[in-house]
Amino acid sequence: MATAATTTAAAPGTRERLVRTASRLMQRGGYENTPVKQLVREAEATLGSLYHFFPGGKQELALAAIHFGDEEFAELLREGLAAHTDPAEAVESVATALARALEDSDWRDGCPVTATALETIGRLPELQAACAQAFANWQHLVAAKLLASGYPESEARDLAITVINTLEGAETTSQVTMSRTPLLVAGRHLARLVASYRDRPLAG
């Protein structure tokens with residue numbers, strides 16, 4: 001059991017609270033719909049502390065929030081992919097975990113970067129690049145699972161892109177419809193797709 005001292009020591013500092021709060025608000029409303037005053041208030045911080053930790057202001061904080069969301073989603077992926085030796089079963093378990101997490105958030109917390117990614121295209125290149133890197137990182141995790149399971153590199157890379165793209169679309173649909181079904185169906189079909197490539201001979 002944690003003591004009062006350890007609980008206090010484990011409490012997030014101001015910088016971490018700002019990043020976590022920005023990530024959550026951007027996840028739900030995007031960059032433009034995350035007012036600085038609301039962010040500071042919900043993080044139990046001050047404007048002065050925001051600019052102390054992030055001299056570049058809201059945009060610099062947003063970059064940190066995107067990186068935080070990237071890693072948060074990556075951790076869910078790692079756990080799901082590690083839950084099963086069979087990559088097809090692992091991919092389906094990721095979809096199930098996403099559905100559970102989305103429902104637990106009352107359908108509010110979907111992909112941690114999608115809302116920001118869509119509104120920054122062509123406008124805020126630094127934020128757009130950070131979102132693109134997050135997608136690439138998640139694809140890399142899926143590809144690594146497939147490569148470790150003996151899939152040829154070209155197929156592993158293509159399948160990884162398909163898995164992440166499909167999960168992203170299904171997660172948005174589940175969020176809009178407030179139903180696990182789109183993610184669970186996507187998970188089952190992705191599992192079939194991944195399994196269909198198992199032990200296939202190399203082309204040529």
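How many helices and how many strands are there in the chain? And, looking closely at E119, in which helix is it found, and which residues beyond its neighbours within four places in sequence is it in contact with?

Author: This is a predicted model, in which local features need pLDDT of at least 70 and side-chain atom pairs count only at pLDDT 80 or more, whereas totals for chains, interfaces and linings use all residues. Residues are numbered from 1 along each chain as its sequence is written, and side-chain values use heavy atoms, with hydrogens and water left out.

The chain contains ten helices and zero strands, where helices (H or I, at least four residues) and strands (E, at least two) are DSSP runs numbered from the N terminus. Its C-alpha atoms fill a box of roughly 60 × 50 × 30 Å along the principal axes. Of the 204 residues, 42% count as buried, which here means under 20% relative accessible area, with exposed over 50% and partly exposed in between (1.4 Å probe, protein chains only).

E119 is found in helix α7, residues 114-120. E119 is buried yet has no salt bridge, and the nearest side chain of opposite charge, that of R123, is 5.8 Å away. Lys and Arg count as positive and Asp and Glu as negative, while His and the chain ends are not counted; a salt bridge is a side-chain nitrogen of Lys or Arg within 4 Å of a carboxyl oxygen of Asp or Glu. Leaving aside neighbours within four places in sequence, E119 is in contact with G30, Y31 and E32, contact meaning heavy atoms within 4.5 Å. A polar atom of the E119 side chain lies 2.7 Å from the backbone nitrogen of E32.

Elsewhere, the count of salt bridges comes to nine. One of them joins E16 to R20, with the closest N and O atoms 2.7 Å apart; the two residues are four apart in helix α2, and so are separated by about one helical turn. Another joins E42 to R24 at 3.0 Å between the closest N and O atoms. Because E42 lies in helix α3 and R24 in helix α2, that pair ties together parts that are 18 residues apart in sequence. Unlike the buried E119, E42 is partly exposed at 34% relative accessible area, and R24 is partly exposed at 27%.

Leaving aside its neighbours within four places in sequence, L18 is in contact with residues including L39, F53, F54 and L61.

Finally, the count of disulfides, pairs of cysteine sulfur atoms within 2.5 Å, comes to zero. The sulfur of C111 is 8.2 Å from the closest cysteine sulfur, in C131, and is therefore too far for a bond. Both cysteines count as buried, C111 at 8% relative accessibility and C131 at 1%.

How values were computed
A polar contact is a pair of N or O atoms within 3.5 Å; within protein, one must be able to donate a hydrogen and the other to accept it, and residues adjacent in sequence count only if both atoms are side-chain atoms.
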